[in-house]
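I opened my notebook today to look up how a protein chain folds and packs. Here is the model I had on my screen.

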Amino acid sequence: MSERRLADLQAMWRIRAFEEKVRDLRAEGPIVGSVHLCIGQEAIAVGACDVLEPEDALFATYRGHGWAIARGVPLEPLFAELMGRANGVNGGRGGSAYFTAAEYGFHGENSIVGGGAPIACGAALAGRFDGSGRSAVTVFGDGAMNQGAVHEAMNFASAFDLPVVFICENNRYSELTPIADMVRGSRLADRAAAYGMPGHRIDGNDAESVRFHVRDALEIAREGGGPTLLECMTERLVGHYIGDAENYRRPGEMDRIRRREPIARLRQALLADGVPAGEIDAVEAGARAEIEAAAAAALTAPFADPATAREHLYA
Amino acid sequence: MPDTSPTPETRKLSYGEAVNAALHRLMEELPETLVYGEDVGVPGGVFGVTRGLRKQHGDRAFDTPISESAILGSAVGAAMMGRRPIVEIMWADFSLVALDQIVNQAANVRYVSGGRLRAPLTIRTQQGNAPGACAQHSQCLEALFLHVPGLRVCMPSTPQDAYDLLVTAVHSDDPVLVIENRTLYFGAKEEVVVGGPVLPMGGVRERHAGSDATVVTWGSITHRAVEAAEALAREGIGLHVIETPWLNPFDTGTVIASARRTGRLAVVHEANVTGGFGAEVVARVAGAGVTLQAPPIRVGAPDVRMPAAPTLAQVLVPDADRIAGEVRALVRGGSR
């Protein structure tokens, strides 16, 4: 048990340290543009990606750095992409909000809220004809639950029993607005019933819980049972984007969030397991060292070549 | 790639039948194709264009919910994974509820992935006015899609092109929009060579010879432009009518060469003029430094919504008389 928990902790620290480094580099200048960090939400990506097969297709949102990392995309090309370098995972064409790395089963972030859900249906549909046994996972936030494309995708997947897992990261804010103010019934998982698919509200700050439910959903999907909706309850420890003044937060809210956030919780659990504090802290230190090295390497890489700006538009 | 194309043969086909023949061929020769959309499977399409595909190819041809985002988005996803979906959007107007999947998603796949992913999907749709059609079933939207880098766009007006362009589109590794026209589906049967080689994209069709003015046109209104050219020929005015069934890629060079030769340019399209692709054609000719004897003209619908009543629509959509009148004035000078 402790071993798995340590592995989860390490996976989450790699993401958090990455995001914290991104925040620094954005402040210092090497990273420009709009950046959406997933600090506080790491457990969902870590738990889910742990049970994905290489052939499965993963579609994330613009808050997707953690999903790319959890799926196994190497760190240096991710940093390089954020800095517009030639060795960026998309050669500088994607940026923070539009990573894609299909060779790692990461079929991309998406900057359009809910835009990836119909695409995931197609990836699953293709699997029906190519013998790959592929399932598709599409990730989106609570705000996307009010997008038409997501509803179309849920019905499309249900109607055709497509192997799709719809993962809703409910961090309680649709961008800057409380989701509770934008819906009548705030249990978003309940909507699954309308499409005739299983829906569960789960603890998104516990990688083990996410792992359990995603594995279950994938099993159903692979057996021809169709899609599942998982509403993973979580919270951002940071703004919607870097620069978000977060004036929508209530007094004491951040303190409560910090007590529930996945890394602090897992640390407590490991201590309770009897794992020495030094061993736990070494995980963080190791992740930070790995991140520093990757960022430093990316900083020395050449910028994307302007001569290539028009390439790869057409076949 | 092994040559799996059947031996070419000539058949008498209407425009709609030609589309159907192309779909049958494509599903036969490309096992990765899928054909789907609203009512295209068991019913065979509201215009009968996908008839027989379900029977012949089973699950590879199927009906979908009325969900354009799901249809187009799933086509993007399936294409990324190596399928070659051919999806139908019943009316071009309906694509507007799912423009995200075309513009933000399909058009970006190849570029953003640096060519490591591709989206070889074909979107078949049809557009334009027909008697009684309402304002949400009449629009000509090609200019919207031509503004989007990463998409290919074509508009066949004959049974042969309906066949050939679709075959080319589906064999392409780019997202291609094939805009058909429902007023042509049930037109006269013509001899169509089916089973021929896959032709490259692009090129023009010279529909009428003449040296007094160049008329550039595309889509079903091509037939009216040719009718106008025939009428003007009887008056001694010779029009060089160039149909450009491929709008992206667009054969600018041929148009410029013709305009340089005739010294006059008219662009005729059914779409309304402001922001229409006709403006782009005029700009390209002007930008090439072609000296014209008269200012170029654009003949199209005025910037009005499209009314349902035939008597109202008639005065808005250019007919052969109006095209002839405007081009006559271009050639002879004076008022139109």
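**Entry 1: the whole chain.** I noted before anything else that this is a predicted model. I then looked up the secondary structure of chain A and found ten helices and seven strands. The radius of gyration came next: it is 19 Å, close to the 20 Å that the globule rule gives for 315 residues, so chain A is as compact as a globular protein of that length. I also wrote down the span of the C-alpha trace of chain A along its principal axes, about 55 × 50 × 40 Å.

**Entry 2: inside the chain.** How much of chain A is buried? I found that buried residues make up 53% of its 315 residues. I also checked contacts between residues at least 6 apart in sequence, and 75% of them join residues at least 24 apart.

**Entry 3: a first helix pair.** A reminder to myself: two packed helices are described by the angle between their axes and the distance between the axes. I noted a left-handed crossing where α1(A) passes α9(A). On the α1(A) side I found A:Leu6, A:Leu9 and A:Trp13 among the residues in contact, and on the α9(A) side they include A:Ile263, A:Leu266 and A:Leu270. Sorted by kind, the residues of this contact are nine nonpolar, one polar and four charged.

**Entry 4: another helix pair.** Next I looked at α2 (residues 42–49) and α7 (residues 207–222) of chain A, which pack at about 40° with their axes 7 Å apart. Are they parallel or oblique to each other? The angle makes α2(A) and α7(A) oblique, therefore that is the word I wrote down. Here α2(A) passes α7(A) in a right-handed crossing. Among the residues that make the contact are A:Ile44 and A:Val46 of α2(A), with A:Val210 and A:Val214 of α7(A). I sorted these contact residues too: seven are nonpolar, one is polar and two are charged.

Conventions. Residues numbered from 1 in each chain as written. Chains lettered and ligands numbered in written order. Predicted model: local features only at pLDDT ≥ 70, side-chain atom pairs only at ≥ 80, totals over all residues. Helix = DSSP H or I, 4+ residues; strand = E, 2+ residues; numbered from the N terminus. Rg over C-alpha atoms; globule rule 2.2 N^0.38 Å. Buried ≥ 20, exposed ≤ 12 C-beta atoms within 10 Å, placed from the backbone. Contact = placed C-beta atoms within 7 Å. Left-handed = near helix turned anticlockwise from the far one by under 90°. Nonpolar A, V, L, I, M, F, W, Y, C, P; charged D, E, K, R; others polar. Axes fitted to C-alpha atoms, helices over the stretch in contact; angles between N-to-C directions. Parallel < 35°, antiparallel > 145°, perpendicular 65-115°, else oblique.
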